[in-house]
Amino acid sequence: MSVKVEQIDACRWRIPREGAMRTEGLVFADRQMMAMLQKEQALEQVRNVATLPGIVGPSIAMPDIHWGYGFPIGGVAAFDVEEGVVSPGGVGYDINCGVRLLRSNLTVEEVRPRIELLADALFRNVPSGVGSRRRDLKLSSAETRKVLIRGARWAVDNGYGSAEDLEHIEERGTIAGADPEVVSARALERGRDQLGTLGSGNHFLEIDLVEEIGDQQVANVLGLFPGQITISIHTGSRGLGYQICDDHLRMMQQAARKYAIELPDRQLCCAPLASPEAKQYLAAMAGAANFAFANRQLITAWVRESFERVLGKGPAELRISSIYDVCHNIAKMETHLYQGQKRRLCVHRKGATRAFPPGHPDTPELYRSVGQPVLIPGDMGRYSYVLVGTQGAFEETFGSTCHGAGRVLSRHAAKKLARGRQIEAELAARGIVLRASSRATVAEEISESYKDVLDVVSVVQQAGIGKIVARLRPLAVVKG
Amino acid sequence: MTNCFRLLEHIADMGIAAEGESLAELFRQAAFGLCRIVTVSVDIQPKTELRVEIRAQDREELLINWLNELIFLLESRHFLPATFEFDSLTDQQLNARVRGEAIDPTRHALEREIKAVTYHQIVVEQTAAGWRAQVYVDL
């Protein structure tokens, strides 16, 4: 059954408040996207989120939205800290799945002759694929607990990178308030040998080329130039995060009953933010988020090592450094201005990215004049985008924007479309080297599976909730 | 009724629809469906037996917890299940013997990593001919 929507303008749609909804829905999409959305369940999920207690502002959907579990992927919702709830389904199983973008001093001319060797080195040095684990970095329970508390800082303190890296990670790579004591033994066991691994599915490691600059002034501040080599890392909290989410969904089922919260969908189970259940979840979630920050920091170290070995250049010459590292799946306690009043809110971003504006104190000092960098990966065959956050996002979407391209084909449909094709050869013909652990994953991740990310970022730019800075083109892709 | 499973399409993930003459058969078929999502390999030998005990608030949660336990065995114990026998199975608890073997990369091609089994549109219900279930997994 299609959900009733009203068009506001070329890129905004309203889902009117009705029935059990406490607020309206706000969907960022163009006409074509909306036509597709009416055929699946995502809009119903936007409507369901609007029924949760203490929601402030609309239930928001980004242009890369598709249906997920409880919250849609591409969903944003903010809740009052006194009256509102936290929902693990509003964060997702892969807590702090996110992207880090690294810049370098290298140009495409220097790297292209050795791109196959670089791809091989990355594939070898960063375990990927189903059940990827490291044999060289098996942490004790005690050490894993330190990772949960300290995040990327743990990695830097153990020789993986420098303090400078931490300045260019959301929350400086450590979310405060993590408590390993509320993380189950099972979650710790699942994560123990997975730190420093990519995982599978849509996770990737990419060597990219800065193909086009959209805003030269902002690009200069971010340290981007045409023909430059950048590296993207997309992964999250691995089995540790998945287990923490699962553990707390079970707890929240009971909490929803205890606090008499009516749920249109079991996956939206939640607890009042002031409750012990909510505090426990947020403390565990912070631990998982920190694990993911540490994961991307470790992978950064092995990326640097791989480039140094293959190219025979030292760190000072390569200057591989973090432009920024953003979370896609997280709940953050933030202060926002809503209807003229400062409000302390729990902002859920599930398949959505924080996009703070110029001048915001949480925007790193280096970028404070232009806005927080936002990294929007596309698919492995086309392009990705670098954006910066805007005042428009801060005012309209609690400082949030999209996170990627969003799927349009099921895995089954993608595999059918890929049958009989040589995907690796197709990519090679476009100048893209592929290294993958699973042929099935490659088939399921073909470009046709995804929206054109240009359409997504175009809606974002048109709506004023992000500003395009540069387009990146993949040269090498490592997939699990 | 035929004891069976089939995989369901989802925009980003996959689902399992299972049918069984009994609740135990239903849970067995759902487990086969889970394994099928992970691997197409049929050469999985029942060399080792693991005992599994699961508790839950209701039948739906029991199914989710059962399948999540198999994911844990796959991911953290690197164990591929082949057969499932239930010593007891009620709406809120089960005791099972799972036979299988350690994952052998030379024989077992693992296609997908399952993060968890979700509550999304979960169904576990009795029908005129037996039992049916529907469950989605996050990939």
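Trainee: Let me start with a detail. Which residue in S8(B) stands opposite Val123(B)?

Mentor: That's Gln134(B). Before going on, remember that this is a predicted model: local features need pLDDT of at least 70, side-chain atom pairs count only at pLDDT 80 or more, and totals for chains, interfaces and linings use all residues. As for labels, residues are numbered from 1 along each chain as its sequence is written, while chains are lettered from A and ligands numbered from 1 in the order in which they are written.

Trainee: How many bridges join S7(B) to S8(B)?

Mentor: Four, and the two strands run antiparallel. Two strands pair, by the way, if DSSP finds at least two bridges between them. S7(B) covers residues 123–126 and S8(B) covers 131–138.

Trainee: What's in the turn of that hairpin?

Mentor: Four residues sit between the strands, and Gly130(B) takes a positive phi near 155°.

Trainee: Zoom out a bit. What pattern does chain B follow along the sequence?

Mentor: It reads β-β-α-β-α-β-β-β-β-β, with two helices and eight strands in the chain. Along the principal axes, the C-alpha atoms of chain B fill a box of roughly 45 × 35 × 30 Å.

Trainee: How do those two helices pack?

Mentor: H1(B), residues 23–38, packs against H2(B) at about 40°, and the axes are 10 Å apart. Axes here are lines fitted to C-alpha atoms, for helices over the stretch in contact, with angles from 0 to 180 degrees between N-to-C directions. That angle makes H1(B) oblique to H2(B); under 35 degrees would count as roughly parallel, over 145 as roughly antiparallel, 65 to 115 as roughly perpendicular, and the rest is oblique.

Trainee: Which residues meet there?

Mentor: From H1(B) you have Phe27(B), Ala30(B), Ala31(B), Leu34(B) and Val38(B), and they meet Leu63(B), Trp66(B), Leu67(B), Leu70(B) and Leu74(B) of H2(B). Contact means C-beta atoms, placed from the backbone, within 7 Å. By class, that gives 10 nonpolar, no polar and no charged residues. Ala, Val, Leu, Ile, Met, Phe, Trp, Tyr, Cys and Pro count as nonpolar, Asp, Glu, Lys and Arg as charged, and the others, Gly among them, as polar.

Trainee: And what order do the strands take in the open sheet of three in chain B?

Mentor: S3-S5-S4, with antiparallel pairing. Strands S3 (48–55) and S4 (79–89) of chain B are at the edges with a single partner each, so one side of each has no neighbour in the sheet. The twist from one strand to the next averages 25°. S4(B) and S5(B), residues 93–102, are joined by nine bridges, and Phe86(B) has Ala96(B) as its bridge partner in S5(B).

Trainee: Where do the helices touch that sheet?

Mentor: H1(B) touches S4 and S5 of chain B, with its direction about 165° from that of S4(B). H2(B) touches S3, S4 and S5 of chain B, and makes about 145° with S3(B).

Trainee: Switching topic: how many residues of chain B are in contact with chain A?

Mentor: 23, facing 29 residues of chain A. On the chain B side, the largest share, four residues, comes from H2(B), residues 59–76. That side has nine nonpolar, seven polar and seven charged residues.

Trainee: So what is chain A made of, in helices and strands?

Mentor: It comes to 17 helices and 19 strands. One open sheet has seven strands in the order S1-S2-S3-S4-S5-S13-S12, with mixed pairing. Its edge strands are S1 (6–9) and S12 (329–338) of chain A, each pairing on one side only. S4(A), residues 55–66, runs antiparallel to S5(A), residues 73–80, through five bridges, and His66(A) stands opposite Ile73(A).

Trainee: Last one: how do H10(A) and H11(A) cross?

Mentor: H10(A), residues 238–258, and H11(A), residues 276–311, cross at roughly 170°, and their axes come within 9 Å. That makes the two roughly antiparallel. Their contact divides into 11 nonpolar, three polar and two charged residues.

Definitions and conventions:
Two residues are in contact if their C-beta atoms, placed from the backbone, lie within 7 Å.
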